[in-house]
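Hi,

Here is the structure I promised to pass on. My notes follow below it.

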Amino acid sequence: MGKRALILCLHLQRHLERYAEVFQRYGIEVEAPPVEQQMREAELLPIIGSFDGVIAGDDEFTHRVLEAGRPRLQIVSKWGIGVDGIDREAAHRLGIQVTNTPDAFADEVADVVLGYLVLLTRRLHLMDRSVREGGWSKPQGTSLRGKRLGVVGVGSIGRAVVRRGQALGMEVSGTDIGEIETDFRRETGLVQKPLEDLLGSSDFVSLNCPLTPQTRHLIDGAALARMPAGSYLINTGRGQLVDEAALVEALASGHLAGAALDVFEREPLAASSPLLGFDGVVLGTHNASNTLEAVLRVNELSIENLLRGLGMEL
């Protein structure tokens with residue numbers, strides 16, 4: 001019996017024809033069902049047992065899904081970096097491989113953080129809206145040079161954010177669960193601070209850390225209160241890093257001047273979300289990594305991980 005692969009990542013689905021010859025060469029039958037944002041546990045449970053491997057997006061690979069996949073399921077190849085949707089402990093117990101594509105989107109995501117910095121401080125989104133509505137708004141902006149940028153999570157993406165912030169003339173500090181690479185700190189002059197100190201001394205805070213049980217709601221009401229009045233929050237990591245109810249309160253009170261959010265606790269963002277009511281909030285669609293070059297690069301890496309996980313010789 002030939003191998004069967006379930007392709008759930010939308011970015012790969014959109015370019016699947018490009019890789020048809022690869023799957024055919026290795027004798028792999030591919031199924032790519034419709035996916036809006038991610039497949040939930042209830043959708044995966046009835047089908048997962050029919051596949052040898054998966055290329056996953058942010059789908060819910062809970063212990064129940066992984067158990068339903070055995071004995072056939074051999075590998076979950078995660079398209080991208082974050083594996084928080086996969087119960088890795090259950091996968092290890094069941095002998096199911098889990099792979100990802102680390103360091104794949106550093107420049108792409110950091111570019112979006114840079115864009116958000118400019119949008120928030122120069123209010124470009126509001127000027128665009130005004131012109132489209134027949135107006136000619138000229139809001140006064142804020143200069144970035146000399147402002148303080150705090151980077152939470154100084155991995156590959158965080159390091160790229162640090163470099164961009166410094167190129168803008170900002171004073172940049174960083175925090176991480178471990179020691180930030182000595183060579184990088186020496187090269188850039190980056191100051192490593194505890195999270196509490198970083199929050200209290202940053203005009204802008206950029207979240208670039210993974211979602212783990214320890215970082216869920218890392219930015220809660222107490223953390224937001226530590227940030228200086230008039231500061232900004234940027235989240236291109238995972239929505240659950242931020243307590244959205246607490247963020248709404250900080251924005252409504254005027255304590256925060258604004259926020260840029262590419263990710264949310266629940267995606268897509270509900271039409272009833274109070275975040276939609278703030279002019280100082282820029283909203284994304286969990287799309288910071290989406291450039292053609294990055295997508296094609298990660299498509300190939302995730303397919304290679306799948307093939308290796310299925311025991312194929314590359």
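How many bridges do β11 and β12 pair over, and in which sense, parallel or antiparallel? They pair over three bridges, in the parallel sense; two strands count as paired if DSSP finds at least two bridges between them. Helices (H or I, at least four residues) and strands (E, at least two) are DSSP runs, numbered from the N terminus.

Some housekeeping before the rest. This is a predicted model, where local features need pLDDT of at least 70 and side-chain atom pairs count only at pLDDT 80 or more, while totals for chains, interfaces and linings use all residues. Residues are numbered from 1 along each chain as its sequence is written, and side-chain values use heavy atoms, with hydrogens and water left out.

Back to the sheet. β11 and β12 belong to an open sheet of seven strands in the order β8-β7-β6-β9-β10-β11-β12, with parallel pairing. At its edges sit β8 (191-192) and β12, each of which pairs on one side only. Within β12, Val282 is the bridge partner of Ala260.

α12 lies across β10, β11 and β12, at about 140 degrees to β11. Contact here means heavy atoms within 4.5 Å; axes are lines fitted to C-alpha atoms, for helices over the stretch in contact, and angles run from 0 to 180 degrees between N-to-C directions.

α6 (106-122) also turns up with β12 (281-283) in what covers the buried residues of α7. Those residues of α7 (124-132) are His125, Leu126 and Ser130. They lie on the same side of α7 because they cover an arc of only 135 degrees around the axis, taken from the directions from the helix axis to the C-beta atoms. Just after α7, Gly134 has a positive phi of about 90 degrees.

Elsewhere, strand β4 (residues 75-78) has Ile75 and Ser77 pointing one way and Val76 and Lys78 the other, all of them buried. Ala56 is opposite Lys78, and Val76 is opposite Val98.

Last, the packing. The largest nonpolar core has 50 residues, of which Leu12, Phe23, Ile28, Trp79 and Ile303 touch the most other members. Such a core is a set of buried Ala, Val, Leu, Ile, Met, Phe, Trp, Tyr and Cys residues joined through side-chain atoms within 4.5 Å. A second, separate core of 26 residues includes Leu199, Val248, Leu251 and Ala259.

Cheers

Notes
Buried < 20%, exposed > 50% of the residue type's maximum accessible area, 1.4 Å probe, protein only.
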